[in-house]
Amino acid sequence: MKHVKRLGILAVILLLVFAFSSCSNSKSEKGTASISDGKSWEETSGFNDNLSVEELYEKAKEEKTVTIYSMSSRLNDVKESFEAQYPGVEVVVYDMRNSEILEKFQREYNAGIHTADVLFIKDTDGAVYNEFVKMGLLKEYIPQNMMKSALPEYQKGAYVPYFEMKQIFYNSEVYDSCPIDNWWDLTRPEYNGKIILRSPIENSEIMGLFIAFVKNSDDMASAYEKEFGEKLVLNGTENAGYEFLKRLINNDLIIMTSDTDITEAVGAPGQSDPPFGIATSSKMRKAGDDLLINVANDLLPRLGVLDPAYLYITDQSEHVNAAKLLLRWIGGEADGTGEGFKPFHVRGSWPSRTDVAPIDTPPLNSLNLWPLDLNYNYMILDDMRNFWLTLQ
């Protein structure tokens, strides 16, 4: 399969819109002013200013509000604690799926409407970084004094307060430990019709995991040989990663539309032959008497790949200081213990800062993970989508 890097559909649309708008006078009033005085938005908005928390709050009170498009409903808890800490600054939360966030933001941006100040999203397939960040629609900002203890690669660029990942969930009432210890187990006949996940076409985290199988095909080939005692024979696929995906979907895979539905199907009490699910690790925070779930923490060839939670400030944001203040609050402030981080400091989630320990979750450095490569993921994203569609 030939890997060809090309712009995504959203990026092509944006280029056409920019080309058209450069020949028209339909710019927003604010945008026209920033161009006429020769200064960029970053300079006129104060985006590049280094202010203390106290100074940010004073300016945020003048802005009065901050709007965030969020992939997580837990931002409603953040809203409550933020407004209690910073009276006079209202947080407006739009709770949407990743794809809905990007579609709404781009549609508004193209129309000169700048509702969102912050986007809270995942980007495991690389589309956000390549189609939005590189093109200037989203701005990378890391709050002062908050990432000194983070992994080196996350001390710059976009702000990542925590990590999740896609993991294999099993029913803890039926199994004392996960019976699956190799990704290739999922292709065995005994698991036919018993594996549930979201579609990679609709979910970037699943797509990122699947791309990791393809990128690390040598690892997948070795894992097959360890599992079955013979070399892998490809059946019309390019490598072991693609072959795994082909056999997985041919094993009567079940597709659901939400991780909540997946974990509820896996962990419902009273089952004798429950299914297994691939879902977001932080769903472990809901484990209890009514949801009997646990996850595999050791798989061959590797457990999976990280799903960073990204916070971006939007280009042309009209409430930059309130946005910066909100990012600090979500990250737990300077010491990581602030109220704003508590909704995300849960079982199945890993703080990006090494000075804040995960809760009832193995340490991040103890997990055997593939590195996340957003540029590679984006390069083969269209090929992966087409490959998946041909299997259905």
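Student: Does Lys64 count as buried or exposed?

Tutor: Lys64 counts as exposed, because its relative accessibility is 56%. A residue is called buried under 20% relative accessible area, exposed over 50%, and partly exposed in between, using a 1.4 Å probe and protein chains only. Before we go on, this is a predicted model, in which local features need pLDDT of at least 70 and side-chain atom pairs count only at pLDDT 80 or more, while totals for chains, interfaces and linings use all residues. Residues are numbered from 1 along each chain as its sequence is written, and side-chain values use heavy atoms, with hydrogens and water left out.

Student: Where does Lys64 lie?

Tutor: Look in the loop between helix 4 (53–63) and strand 1 (65–70). Helices (H or I, at least four residues) and strands (E, at least two) are DSSP runs, numbered from the N terminus. Lys64 has a positive phi of about 75°, although it is not a glycine. Gln316 also has a positive phi, near 70°, and is likewise a residue other than glycine. Gln316 sits in the loop between strand 11 (310–314) and helix 12. Gln316 counts as buried because its relative accessibility is 15%.

Student: How many residues of helix 12 are buried?

Tutor: Helix 12 (residues 320–330) is mostly covered, with 11 of its 11 residues buried. Among them are Lys324, Arg328 and Trp329. After helix 12 comes Gly332, with a positive phi near 90°.

Student: Which residues have the most contacts inside the largest nonpolar core?

Tutor: They are Ile68, Trp183 and Phe210, in a core of 110 residues. A nonpolar core is a set of buried Ala, Val, Leu, Ile, Met, Phe, Trp, Tyr and Cys residues joined through side-chain atoms within 4.5 Å. Leaving out residues up to four places away in sequence, Trp183 touches several residues, including Ile168, Phe213, Phe244, Leu300 and Pro301; contact means heavy atoms within 4.5 Å. There is also a second, separate core of nine residues, which includes Phe169, Val266, Ala279 and Val295.

Student: Where is Phe169 found?

Tutor: Phe169 is in strand 5 (residues 162–171). Phe169 counts as buried because its relative accessible area is 0%. Beyond its neighbours within four places in sequence, Phe169 is in contact with residues including Val266, Phe276, Ala279 and Val295.

Student: Which bond joins Leu300 and Pro301?

Tutor: That is a cis peptide bond, with omega about 0°. Pro301 belongs to the loop between strand 9 (293–295) and strand 10 (304–308).

Student: How many aromatic pairs does the structure hold?

Tutor: There are 24. Rings of Phe, Tyr and Trp (its six-membered ring) pair if their centres lie within 6.5 Å; planes under 30 degrees apart count as stacked, over 60 as edge-to-face and the rest as tilted. Tyr175 and Phe276 form a tilted pair, 5.4 Å centre to centre with 35° between the planes. This pair links distant parts of the chain, with Tyr175 and Phe276 101 residues apart. Both Tyr175 and Phe276 are buried. Tyr242 and Phe387 form an edge-to-face pair, at 4.7 Å centre to centre and 65° between the planes. Here Tyr242 is in helix 10 (residues 240–249) and Phe387 is in helix 14, 145 residues apart. Ring pairs also link a cluster whose members include Trp183, Phe210, Phe213 and Phe244.

Student: How many cavities of 30 Å³ or more are found?

Tutor: Rolling a probe the size of a water molecule over the atoms shows where empty space is left. On a 1 Å grid over the protein atoms alone, a cavity is a set of points where a 1.4 Å probe fits but cannot get out, and a pocket is an open set with protein on both sides within 12 Å along at least five of seven lines; lining residues have an atom within 4 Å of a point. Two such cavities turn up in the whole structure. Helix 8 (residues 204–215) gives the most to the lining of the largest cavity, with three residues. The second largest cavity has a volume of about 40 Å³, and its lining includes Tyr159, Phe341 and Arg353.

Student: How much space lies in the largest pocket?

Tutor: About 1200 Å³. This pocket is lined by 44 residues, and the closest to its centre are Arg97, Asn98, Ser99, Arg198 and Asn203.

Methods
Points joined across faces, edges and corners; volume = space filled by probe spheres on them.
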